Amino acid sequence: MSTEAAIEPPPAGGHVPSIATSTLLRSTREAALKTPSIRWCDDPQVGSSSSVLVDSRETRKMNTYQAVRDAMSIALNKDETAVVFGEDVAFGGVFRCTMGLAEEFGRERVFNTPLTEQGIAGFGIGLAAMGQTAIAEIQFSDYIYPAFDQLVNEAAKLRYRSGGQYNVGGLTIRTPTMAVGHGGLYHSQSPEGFFLGAAGLKIVIPRSPIQAKGLLLASIRDPNPVIFMEPKILYRSAIEQVPLDDYELPLSQAEILTSGSDLTILTYGTPVYTCETAIHHLSQPPPSLDALIPQSVRSASVELIDLRTILPWDVDTVVKSVQKTGRLLIVHEAGRTGGVAGEIATEIQKRCFLRLEAPVHRVTGWEDSEISTPVALQYEKFYIPDAVRVLDGIIKALTY
Amino acid sequence: MFRHLGRRAASCTARKRTYSDFKHGNLPHSHSPITTDLEFFNSVRPDGQQIPTYRVLDSVGQPIDGSTVPEPFSYICSSYETMMLLPTLDTLLYSVQRQGKISFYHGEEATVVGSAAALSPTDEVLGQYREMGVLLWRGFDLDSIMSQCLGNKEDKATKGRQMPVHFGSPQHHFHTISSPLATQIPQAAGVGYALKRDPERRGKDCAVCYFGEGAASEGDFHAGMLLASTIPSPTLFIVRNNGFAISTPSSEQYYGDGIAARGPGYGIDTIRVDGNDILAVLGAVREARRRCVQQGRAVLVESMTYRVGHHSTSDDSFAYRARQEVEDRKKVDNPVSRLRLFLESRKWWSDDEETELKARLKSEILTAFKRAENLSRWELKELFSDVYAGDEPWNLREQREELGELLKKYGTVWEPWKKEREKFNGSGDEFLS
């Protein structure tokens, strides 16, 4: 619980964790500086990572878009070849992630593009193929499909097809993803699953400001092209004390957020907080749900894991957890068929078959039309996996 | 096209003096004059008038009155040798027909070689897959050509992963070809911008993007032209309009006046050139490149080429061509014979030299081919490399190991695998140990 939240009077009905009150968010400086696996990237002149004491580092309260902006500002500062571009980025971006960057770094380095997603991706590939750092924005991940050819056929394959002679490791595509509650079919999608088969690409989805900054800097500097999907509801709602220094968080490494022994919940992005709420309801059900939660599961100990990198994903952490708990529930907003959960479930059943005490459960968006990731406007409450659906999934997995 | 429109607009305003000074005051970013004429405009004009084609040599290789022969002339002789190399290579590889996809499309030698000669050797080239002439011009040797086409262990361009003619060489500033059409067009805009941002190359090099008129139908064409003009960068677009995309004639590819008509729509300086006249291509691309680098802006060259007689795949084409040389001379617009006639008329080329060149090229190509043919492939493990930089992800590692297990189990007994293993350097033994 954050110190700031603690001084406020408890809301009617008691504390139910939500994004605003999540204990997963690090709202003190001390907690922020203890972010697991944080790797400080200090300038050599200033001192090596070990020589700068953690005590001397500063943090500032930031929401996710501010943290994303902070990461790009550091990237632009430290890497003369870095450029940031996309639709409306010069005025600050529709989600404010590039606010002030054009003024700070000039229009040659932070610039608008015409409305052409395939062009943005292709332009970035060209820049990166020349060894420069391209940080491109696709305004909504719902609009990434025109760039699909460039990303899958070009960015993912250039290193391989050129026998390692060319690569676009300097390319990072940022794009807002997931639902906000009123985006409808074309402002709510989670298209990460479409890129699962594109070996050569990495897909990263952060859950918070600290995560966004560290993972984005790692993505920008990773020697592979990365699609960095930012859960757009978290831009404003997720707030943390974010270290001001340059730091990275590791790619392809999941993070155990709460440890437990009876059930593993694996998720990423916005549903991290939905899962936290569901876990809370499991042990302390609100009166309306009291009769529906069996006493036998209320004291279950749940391990919550944030996958963070979707491709290539961290199989070791998940396997280790499931070997301990024997049960796995995977939660994502994207539709079920062909989704990330299906891929993970297959690997886990192969590795943990004899240890599993229940089939791998999935709580995901529904496939309610021929489009694989529709989020119908007036139906969103029932489309998006909410706390009750996750709770129900937990109960099913525990009582199987 | 727009020159004509401009003239027409001027005459309109002259006639209607009262409106001559009016500009639309309420349209942002527009200085469009006001008119009372309800007139539509189009690149397809009622009088049939089209964008002109720049040409230097006539169909029998003589400079047209008033034309400028680009200098220095040493370039022209070298161009001829490279041009001759292309059909010779084509004939050999076509007859090999290893994969049925080796073909270099005669009739475009002048466009490719002429433009290559006009470029700086450090200009970044993003090709489609018919621009081998650019590589040859830049000194990419025959062994490298053959190694890529046959996919042997010296194929540094793709390690045997790509189909023939998918070349690439950072040393020659030639980006590795991919099969999807037009993807290189927006990439070229990015490469151009990268050159502009590089203090060591700004104002010196440009990005050069080749594609065919069929590829210009893809959305990536629009994206690339738009980006290169809106976010100004030294990007030179060279479209080879050969009239056909595989089997589809250009009349079924577009209705407007070729691809050149689209350049002004993007605010890009554009020229149409006779693509079978190497001196016209050389001169036009040289000037296009000069503007491109100097202004830091995109330029479009539409090179009109034609499928001339050479494309029929005679098994004995050297003999055939020698016998038919007189016929060749008569063939209008044949790019090779036009240049030869020009060279001969200046006494820079003779029948003896022609015979010697043909024999030498044929012998060099055969030597390179035989050498390449006897080289093994890369090691089998390269199937899994170069996917990611850095640590190999677990999924790739496990799949590589899985293939290893299968090879250990079946690779020495199952005949199809046994035979296939032998083609690889080390016979795939790295999986068996």
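Modeller: In this predicted model, chain B has an accessible surface of about 20100 Å², and 51% of that belongs to carbon and sulfur atoms.

Biologist: What share of chain B counts as buried, and what makes a residue buried?

Modeller: Buried means under 20% relative accessible area, and 51% of the 433 residues of chain B count as buried. As for its elements, chain B has 15 helices and 8 strands. Take contacts in chain B between residues at least 6 apart in sequence: 74% of them join residues at least 24 apart.

Biologist: On to the interface. Why is the pair E398(B) and R351(A) called a salt bridge?

Modeller: The rule wants a side-chain nitrogen of Lys or Arg within 4 Å of a carboxyl oxygen of Asp or Glu. For E398(B) and R351(A) the closest N and O atoms are 2.5 Å apart, so the pair qualifies. Across the interface of chain A and chain B, the rule finds 2 salt bridges.

Biologist: Which elements of chain A supply at least two residues each to the side that touches chain B?

Modeller: β4 (110-112), α5 (117-129), α6 (148-155), α7 (158-161) and α13 (340-352) of chain A. The largest share, 9 residues, comes from α5(A). By class, that side of chain A has 20 nonpolar, 17 polar and 12 charged residues.

Biologist: What makes about 3800 Å² the buried area here?

Modeller: Buried area is the accessible area two parts lose on being put together, summed over both. Chain A and chain B bury about 3800 Å² between them, so that figure covers both sides. Of it, 59% is on carbon and sulfur atoms. The contact takes 49 residues from chain A and 47 from chain B.

Technical notes
Residues numbered from 1 in each chain as written. Chains lettered and ligands numbered in written order. Predicted model: local features only at pLDDT ≥ 70, side-chain atom pairs only at ≥ 80, totals over all residues. Heavy atoms only, no water. Helix = DSSP H or I, 4+ residues; strand = E, 2+ residues; numbered from the N terminus. Buried < 20%, exposed > 50% of the residue type's maximum accessible area, 1.4 Å probe, protein only. Contact = heavy atoms within 4.5 Å. Areas by Shrake-Rupley, 256 points an atom, 1.4 Å probe, with all protein chains shown as cover. Buried area = accessible area lost by both parts, 1.4 Å probe. Nonpolar A, V, L, I, M, F, W, Y, C, P; charged D, E, K, R; others polar.
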